[in-house]
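Trainee: Could you take me through some features of this structure, giving the general idea first and then the case at hand?

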Amino acid sequence: MPLLYTQNLRREFGGVIAVADVDIEIFKDSITGLIGPNGAGKTTLFNTITGLDFPTSGHVFFKGEDITELPAYKITRSGIARTFQNIRLFKEMTVFENVMIGRHFRGNHPRIVNNKLVNFILGRIYVKTEEKDIYENSLKWLNFFDLLDMRDEYAKNLPYGKQRELEIARALATEPEILFLDEPAAGMNPQETESLMITIKKIRDMGITIVLIEHDMKLVMNICDKIYVLNYGKKIAEGTPAQVQNNKEVIEAYLGKIDE
Amino acid sequence: MLNFVLLIFIYIGIYAIASLGLNLIVGYTGLLSLCQAGFLAIGAYTTAVLMTACHMGFWESMIISGFLASLFGILIGIPTLRLKGDYLAIATLGFGEIVKNVILNWDSVTKGPMGINGIPGPSIFGTTLSSMDKPEWIVIIWVGVVVTYYFIRRIVRSRIGRALEAIREDEIAASSMGINTAKYKIGAFTTGAFLAGIAGSFFAAFNQSVAPLTFDFMMSIMILCMAVLGGLGNSFATIIGTIIIVLASELPRLLGISHIIPPQLNQILFGFILVLIMIYRPQGIIGRIKLNYAKIVKEEIFDLEK
């Protein structure tokens, strides 16, 4: 059974159908690509899955449970993290703090008894272990992305590529099972894209399933196990990179119809 | 003259509690609220009614006033916190006006436009304070200010403060980081309302009377200006801002020239100061102090263990 799948997911904005009855299946430990021309509904699909937008109809199932109606924060807590196409870091906060916010809700001390009053009184003791956990885990992710020496820098002062990496670090700090990356390589130079590819594979090897929207075909074709192609909100193709590359409809969507 | 200086200090203290509360809402969480006077009114009238009609003591009334104000904070918070920026400001503005008008027209409880007079002072160590016992009042109210200051400081330096800052920076990103933004926003709103309720309670007990028109829209704006003038997101600056604004509005009386300068001129002076500040120092006189949460955690959690 897929880790996450959608059923006839549909999102309309007035008369525009941004996502038209799309079914996708994401399998554990895979890297799934989502491609399509601009305005194909890729980001809207991401938003409806991660709870930032709600579908007009259809369902999203994660680990067998229907998460369609859950608010974004609950979806994140259930194990789905994401990054944004137009980087949404906490700009006036430091690099370290950005990652700490990602860890925010994970830093929970196991409660000894299930009694709100007792736990309220014991709260002060928990706070220490929780904050320690947040601090140390954030350090771990900063180290993974080689951001340690910039940790006290404001996020807005980081170079563009590093901001993208910080956003991934922040998402990973929530300990997701699935990571949704919305155009992670946008605005990166070839070297940065190359190292991003290695990073994404490393994250996959840690047991985190990855779904990504990307326009950089070299990256997509190299690392994805499976690719979905959207056009005008509809799923027009799915399959391995080789299958998708030779699909007539995909070629038409990108290059237009070939006149005979 | 000395009496008058003491009086100003008392008002500064009362307004400081309310503006510190507002600073938590506007400065730290980034929600523009224009109904702090409404919460102040709820606190003041609750104390007034409880002490005159129900013959309760001041301290119990004060606590009840605070909680009642925060209850209204929740009530207005839940429906309006879906709104953002200007829209939220307008909704809160409406709430403030509703509170004033309910008080103005609910004759059986609030005595309408006449207000409630003859509120007894608080009793402390067996003696009952009146408005004349100004030094005692200063001590009581400024203890309140200090407690409020440390209360807010604890909140903003904790994990809660970090979440509030994230919400202010980017609410959507915060919610997709697993932060329950509604909970934190309502929490901030409620805490701010609680503090305004306490301030209102002091206001009623010190003046020994309350009148509905005191708590008009101008008062909300004045409290907002106190927070903005000193610097949003900085409790110390908020207290400085409160001092400046209260002084500015009482200056002619303080200098004994109020017979030359009509009271309306206060507002002109007051507006002039604000325009100048907004042009030359929009971040406030002192400005925001950015807390470094990584350092705070390191200092407070790790260094304690050594």
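Trainee: What is the handedness of the crossing of helix 10 of chain B and helix 11 of chain B?

Mentor: A crossing is left-handed if the near helix is turned anticlockwise from the far one by less than a right angle, and right-handed if clockwise; helices (H or I, at least four residues) and strands (E, at least two) are DSSP runs, numbered from the N terminus. Here the crossing of helix 10 and helix 11 of chain B is right-handed. Please bear in mind that this is a predicted model, in which local features need pLDDT of at least 70 and side-chain atom pairs count only at pLDDT 80 or more, while totals for chains, interfaces and linings use all residues. Residues are numbered from 1 along each chain as its sequence is written, with chains lettered from A and ligands numbered from 1 in the order in which they are written.

Trainee: At what angle do the axes of helix 10 and helix 11 of chain B cross?

Mentor: Axes are lines fitted to C-alpha atoms, for helices over the stretch in contact, and angles run from 0 to 180 degrees between N-to-C directions. For helix 10 (residues 217-230) and helix 11 (residues 235-254) of chain B, the axes cross at roughly 125° and come within 7 Å. Helix 10 of chain B is therefore oblique to helix 11 of chain B, given that angles under 35 degrees count as roughly parallel, over 145 as roughly antiparallel, 65 to 115 as roughly perpendicular and the rest as oblique.

Trainee: Where is B:Ile12 placed, and which residues does B:Ile12 touch?

Mentor: Two residues are in contact if their C-beta atoms, placed from the backbone, lie within 7 Å. B:Ile12 sits in helix 1 (residues 2-28) of chain B and, not counting residues up to four places away in sequence, touches B:Thr242, B:Ile243 and B:Val246. B:Ile12 and B:Val246 are 234 residues apart in sequence, yet 6.2 Å apart in space, C-alpha to C-alpha.

Trainee: Is B:Ile12 buried or exposed?

Mentor: A residue is buried if 20 or more other C-beta atoms lie within 10 Å of its own, exposed if 12 or fewer, and partly exposed in between. B:Ile12 counts as buried because it has 23 C-beta neighbours inside 10 Å.

Trainee: What is the phi of B:His55, and where is B:His55 found?

Mentor: Most residues other than glycine have a negative phi. Phi of B:His55 is near 55°, a positive value, and B:His55 is found in the loop between helix 2 (36-52) and helix 3 (58-80) of chain B. With 8 C-beta neighbours inside 10 Å, B:His55 counts as exposed.
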